[in-house]
Amino acid sequence: MQQPFLMRTRGYHDSAEYGCISPPRVKAEAYSAEELRNRQANAGLLQLVSAYRRYGHLSSNLDPLGIQKSELLDELSAGMYGLGEDSSVFDIK
């Protein structure tokens with residue numbers, strides 16, 4: 001007798017791998033030529049955004065009592081990525 005669909009479970013040795021399930025295949029995003037040009041033109045901006053994602057918590061003010069001062073990191077300055085006052089307008093379509 002076959003089990004109902006909701007009662008079926010995957011056994012430990014059901015797949016070809018012993019003891020684990022193979023990770024899902026991830027397909028890389030396909031960018032159009034315009035998107036690639038835009039990414040190349042705004043590479044410094046993308047690097048700055050990545051730096052804020054990675055190090056932004058280190059320079060944020062999380063202490064409401066003001067006991068500990070936050071650091072000013074060089075990685076979070078726009079000048080490190082070649083950005084300045086003249087490059088303040090970006091095409092982010």
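Of the 93 residues in the protein chain, 14% are buried, where buried means under 20% relative accessible area, exposed means over 50%, and partly exposed lies in between (1.4 Å probe, protein chains only). The model is predicted, so local features need pLDDT of at least 70 and side-chain atom pairs count only at pLDDT 80 or more, while totals for chains, interfaces and linings use all residues. Residues are numbered from 1 along each chain as its sequence is written, and side-chain values use heavy atoms, with hydrogens and water left out.

The protein chain exposes about 8,800 Å², and carbon and sulfur atoms supply 55% of this area; accessible areas come from the Shrake-Rupley method with a 1.4 Å probe, and for residues only the protein chains shown count as cover.

**Helices**

The protein chain contains two helices and zero strands. Helices (H or I, at least four residues) and strands (E, at least two) are DSSP runs, numbered from the N terminus. Helix α2 has 17 residues and spans 23 Å from its first C-alpha to its last, close to the 24 Å expected at 1.5 Å a residue; the expected span is 1.5 Å times one less than the number of residues. A kink of about 50° in α2 is centred on arginine 53, the bend being the angle between axes fitted to the seven residues ending at a residue and the seven starting there. Buried residues of α2 are Gly44, Leu45, Leu48, Ala51 and Gly56.

**Core and contacts**

The largest nonpolar core has six residues, namely Leu48, Ala51, Leu73, Leu76, Tyr81 and Leu83. Such a core is a set of buried Ala, Val, Leu, Ile, Met, Phe, Trp, Tyr and Cys residues joined through side-chain atoms within 4.5 Å. Contact means heavy atoms within 4.5 Å. Among contacts with a separation of 6 or more, 51% are between residues 24 or more positions apart. Leaving aside neighbours within four places in sequence, leucine 76 is in contact with Leu48, Ala51, Tyr52, Tyr55, Gly56 and Ser59.

Two C-alpha to C-alpha pairs are listed below.

| Pair | Apart in sequence | Apart in space |
|---|---|---|
| Alanine 78 and leucine 48 | 30 residues | 6.7 Å |
| Leucine 58 and leucine 73 | 15 residues | 8.1 Å |

**Individual residues**

Alanine 78 is found in the segment after α2 and counts as partly exposed because its relative accessibility is 32%. Not counting residues up to four places away in sequence, alanine 78 touches Leu48 and Leu83. Leucine 58 is found in helix α2 and counts as partly exposed because its relative accessibility is 38%. With the residues up to four places away in sequence not counted, leucine 58 touches Ser70, Glu71 and Leu73.

Asparagine 42 is found in the loop between α1 (33–41) and α2 (43–59), and counts as buried because its relative accessibility is 10%.
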